[in-house]
Each structure stands twice: as structure tokens, then as C-alpha cells.
Amino acid sequence: MMDVRKRAWIGLCAAMMLVGLAGTAEAFYIDEKNTLSFSAKLSTRASFRLQDASGNTQPNVQVGDLVQWRNLALLEVDHDLKQLTKSLDILYPLKKFKIRSRYHIVGRFMYEALYDVGSDKFKMVQDNDPVNIDNFKQAYDLWECYIDFARGPAFIRIGRQNLAWGETDIFRLLDQINPLDNTFGGPFEDLDDRRIPLWMLRGSYNLGTVGPIASLTLEGFLVPGSIDAKVGPWAPWGTPYEVPLNKSSIYDILYINDPAKKMSNSRWGVRAQGMLGSTVNVSVAYMETFLDQPTTHIVTTEKVEGPLLDTSVVRINGDYPKFQVVGGSMNFWESVTDFVFRGEVAYFIKEPVWIQGISDLPLHSPVIPLSWNNLDTLAVLTGTDLRSTNVFGIPLNPQSGPIPVKNSLNWMIGFDKQIWVRALNKKSMFFTSFQYFGKWFPDYDPRQVIPVPLGDQYFEEPNYLTGEKIPIYFNYPKVAEVSTVFTGLISTNYMNGALNPQLAIAYDVHGAWLFLPSVMYIKEPFRVSLQYGGIVGNFNGFGLFRDRDQISVNFTYMLN
């Protein structure tokens, strides 16, 4: 039987041939009325690491190593049914009730070639975990598939789709509906490219002017949990953008539990939006959803009475408890200064967190104390050194750790403006954007941490039987009561829009910087881009990826 990789490549090649037949046309219409169109996007992206791996990052990637060769094909069909409504009896109800309808389909083919053509480090990652890596590196699926119905002020969309609420860029507040795939580019990937479509029922109704609010629109969505409970994927160990966690002490005992397909795991939300005056857009919203990443906690797989003699019953679970979001957003244009001001607030209710002493409860049980030499012997006999987890004896009656929850207030204030900088560009303006993000835990617990151990930390004394250093895995980055991140973006274009440089920056006040300069050259239907992604500073927030600096080259063919 033909393996999955060959089928994926055949599909990708077929897509290239089909697009090639279209030549350089702006679109490929199948009917004379231009109601049925085909478009496509074919891209290949190669990324090279610009620094050596450090801490718990594995494998030991070095400067110049290829860390990504991602090949992607998106094939899109759009069909407005207005002509068929007139001639097909099966569509007579649409004609009878004057309902406008169209459908949209996107097929997606993806192949990550790194594990086949990259360095031996990544080939070894695949050899050690062939099933997960094979599933991780290739996919072909129905990426989007929905149908629209509209009549007057009413609109309904049914099918697999994306839906984004809010006013933020780079980071998300109200935009918590669709999960993000952070496994193929981490913080260096554009937010829109990371969204995963969900099977969803979405509807809206425009009430017109109600009091001082014009175009008051009520909107809602439902993702039935019995049909789609998909969450953001967890990167397999050794992949380039996985969280830096030690393999033997953490990854090997980490079990990710995706939400079960049942109605109680449904995502849903409602929103009201409208305009105040002629320039102010406002909205308020409520939703129930999941975080992008699992929340971990340490559990025992069976009840332990007395001393813990078998450490294999202790493991780390990664779960996705639901949480609620209530908030609002606004934007308005100020004519005197020509600024667009944006604002957003989101109150997270029962947001899952990690609290030392609660999430890792089994590690805080009473112990039968042992001497350092006896702990050396125990580590050799069991293959597990409890000292790495801050346990200096044999735990007694360990209990599973729950998932603590906290409420948090999140906000963003931003502005956008087009400005002239004639000394740098005489023909085109510069687009500038600035955002200030904040997060506050009203019921803050000083034991809140990000459960990713600081790397390269060891006890002063080694294991005297083996001579090996004893790593420390219980020192974590702290979560602050109030956290602040600033972002900035500036872009322009030269050569009548053919050359497009851009610079995006983020600064976490706890000491981490993210830099994303890029330049794109457009020669229709082709696009070539070069991007640097770099992080410097403290090991916190996006600073967890501070040893992943890279340079990326992307080549894209667009048929649209």
C-alpha cells in the first residue's frame, strides 16, 4: 500500500500541476458568470538556526542547522449559488425566500521535510518516535468547508471555519475561539497562519439603529463538542519549536489528554457590536473556550498508601479545562490627529494556572528522609533522582495535584497611524502600530509559576556513585501579579508595492525582547520573503524560546 508521505507528495504535485495550468492569471473561473472560482497558494519555507541550543532544548541544534523545511499547498474553491438557484429545483427554497448562498472549500496539503533531509539530529528524533513524527510532519485535510446563507439583516455560516473577535495583533485577548498551532513556528509565526479552523455554527442579525447605537448586530457561535473538540497540538519531543523540557524527567512521563468529544466540551459565545456616532466601533462579548496549551499537574495513577516505592505511578497530566471570557473592544478614528485608537479588555474566569505546592502536590508529601549517599544509591537503583524534583526522601501517601484556577483581568490599548518619512520613502507612507498589553491577577498567589524548569541548573554535589551532575528541575520562571508587554510595528513599500519591508518588536517588561524584521518582494504571482526571528533576555514568557533565533526564506506562488 502506498504510504502516507507518497500520497501527500502526489497530492502536492497535482496541486502544482493544476496551478501551473492556470498560468499567471489572477483567478481561475470555471463558469462564464464568474460565480465558481478556484485559487491556490503554494509555499515552501526554510529556516536555519542562528545560535546553539542551550538549557533543556533538545536536540543539540547548532548554528547553521536547518530547523524547518515546510511545504504547504492550499487549494480553494468559492462558489456563489445565485445562478444555480434559478435553475436547480433542489435549490428552489433559496429562490422562494430570496436567500443568498455561497460555499467555500479549502484543501490543505502539508509536508515538513526536515526529518527526511535535515541533520542526523532530527533524523534520530524521527527514529526514536516514528509514529508521532510521521503524523506531525505531514497532513492533508479539508481545512475549511462552510456554506453561507444570507437574507436581509440575517446571516448564517455552517461548517469548518475561523472566527476572530477583538482588536489585538501579535497576542490574543478576546480572540480565543479557534485554537492556535504553535508547533511549526512558535512565536515567530504570524497569528493568522496559526489558527486552526473548527466545525462551527455561526450567525448574526443586524438590528439597525437602536438608540444611540447604529448597525447594532447580535452575533453568536457554537462549536458542538460532540463534533469538534480540537485544541492546539502539543509538539513532540525534539521538534524545533517544542517547549524546552527535559526528556527523561518530564517528557517521558507527560501525558496530554485532549478534551473528549462530548457536548459539555462545546465552545460557544455571543457578541453585540455597533457604532457610536460615525467613527466609534464598540462590542461586548462572552464565550466559553479552551486555552491553546494544556495545563499540567502531577498525579498518581493509583492510590498510594504508605511509602512511594514505585515512582512509575507518578506522572504529569496535561489537561484542557474550559474557562470563560467576558469583555469588550473598541476602535475609533480621530480626524484631527489622523490616529486610529484601539482598546480591548477581557476578564478570564477560572483560568487554569500552575501553583507550586498545589499543581505538584505529590512532590510536597511528607517523606522518610534519606542521607545524600542513600539518595545516590536510590537514584542508581530506580533510574529516578528524586532530588531533581526537590524531594529528599521517600514520599509518604502522595496525593494527586489538582488544577488551580484564577480570575485575571487582561487589557490592550493601541493606536495606528500612517506617517510620511520623506527622507526614507518619498512615494509611500509608513504604517505604524503600537500596543500596550497588561494582565493582572486580583487573587494572585506568589507561588504561581510557568512550569518550565530553568535550564543548566545543578546541585553543587554530584552523585558520588556515578560522578554525574544532579540537575535541578524545581526552579521555575515566576508569574507576576501584573505583567506588561509592549509591541510595535512599522512597515512601508517601495517600487510601487513590489518591495515590502516590515519590523515587528515586542518587549516584556520582565526582561525579554522579540524581534521580527522581514522583507518581501512581490512579482505576481510570486512572493519571496526573508525574515529574521530573534529573542533575547530572561527565561520568561516568549523568552522561553530565547535560544531559537533563526533566519527564514519563504517562496510562495499565489493564484488569486
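Me: Which strands form the open sheet, and in what order?
Reply: Three strands make it up, in the order 9-13-12, and their pairing is mixed. Keep in mind that this is a predicted model.

Me: Okay, and which strands stand at the edges?
Reply: Strand 9 (254–256) and strand 12 (295–300) do. Each has a single partner strand, so one side of each is left without a neighbour in the sheet.

Me: How much are neighbouring strands turned against each other?
Reply: On average by 30°, with direction ignored.

Me: How many bridges join strand 12 to strand 13?
Reply: Six, and the two strands run antiparallel, with strand 13 covering residues 314–319. If you want a spot to look at, find H297, which stands opposite N317 in strand 13.

Me: What holds strands together in a sheet, in general?
Reply: Strands pair through backbone hydrogen bonds, either parallel or antiparallel.

Me: New topic: where does T239 lie?
Reply: T239 is in the loop between strand 8 (213–223) and strand 9.

Me: Is T239 buried or exposed?
Reply: Buried: the relative accessible area of T239 is 1%, and the cut-off for buried is under 20%.

Me: What is T239 in contact with, leaving aside its neighbours within four places in sequence?
Reply: Q58, Y115, I133 and F136.

Me: Let's jump to S408. Which strand is that in?
Reply: S408 sits in strand 18, which spans residues 405–419. S408 is buried too, with a relative accessible area of 0%.

Me: And what is S408 in contact with?
Reply: Setting aside neighbours within four places in sequence, S408 contacts A346, Y347, F348, E351, K439, W440, F441 and P442.

Me: Which side chain does the side chain of S408 make a polar contact with?
Reply: That of E351, at 2.7 Å.

Me: How far is S408 from G152?
Reply: Their C-alpha atoms are separated by 39 Å, and the two residues are 256 apart along the chain.

Me: Last stop, strands 20 and 21. How do they pair?
Reply: Strand 20 (residues 482–491) and strand 21 (residues 499–508) are antiparallel, paired over seven bridges.

Me: How many bridges join strand 21 to strand 22?
Reply: Ten, and again the strands run antiparallel, with strand 22 at residues 512–523. There, A506 has L514 in strand 22 as its bridge partner.

Me: What about the hairpin of strand 21 and strand 22: how many residues are between the strands?
Reply: Three, and in this hairpin G511 takes a positive phi near 105°.

How values were computed: Residues are numbered from 1 along each chain as its sequence is written. This is a predicted model: local features need pLDDT of at least 70, side-chain atom pairs count only at pLDDT 80 or more; totals for chains, interfaces and linings use all residues. Side-chain values use heavy atoms; hydrogens and water are left out. Two strands pair if DSSP finds at least two bridges between them. Helices (H or I, at least four residues) and strands (E, at least two) are DSSP runs, numbered from the N terminus. Axes are lines fitted to C-alpha atoms, for helices over the stretch in contact, and angles run from 0 to 180 degrees between N-to-C directions. Buried means under 20% relative accessible area, exposed over 50%, partly exposed in between (1.4 Å probe, protein chains only). Contact means heavy atoms within 4.5 Å. A polar contact is a pair of N or O atoms within 3.5 Å; within protein, one must be able to donate a hydrogen and the other to accept it, and residues adjacent in sequence count only if both atoms are side-chain atoms.
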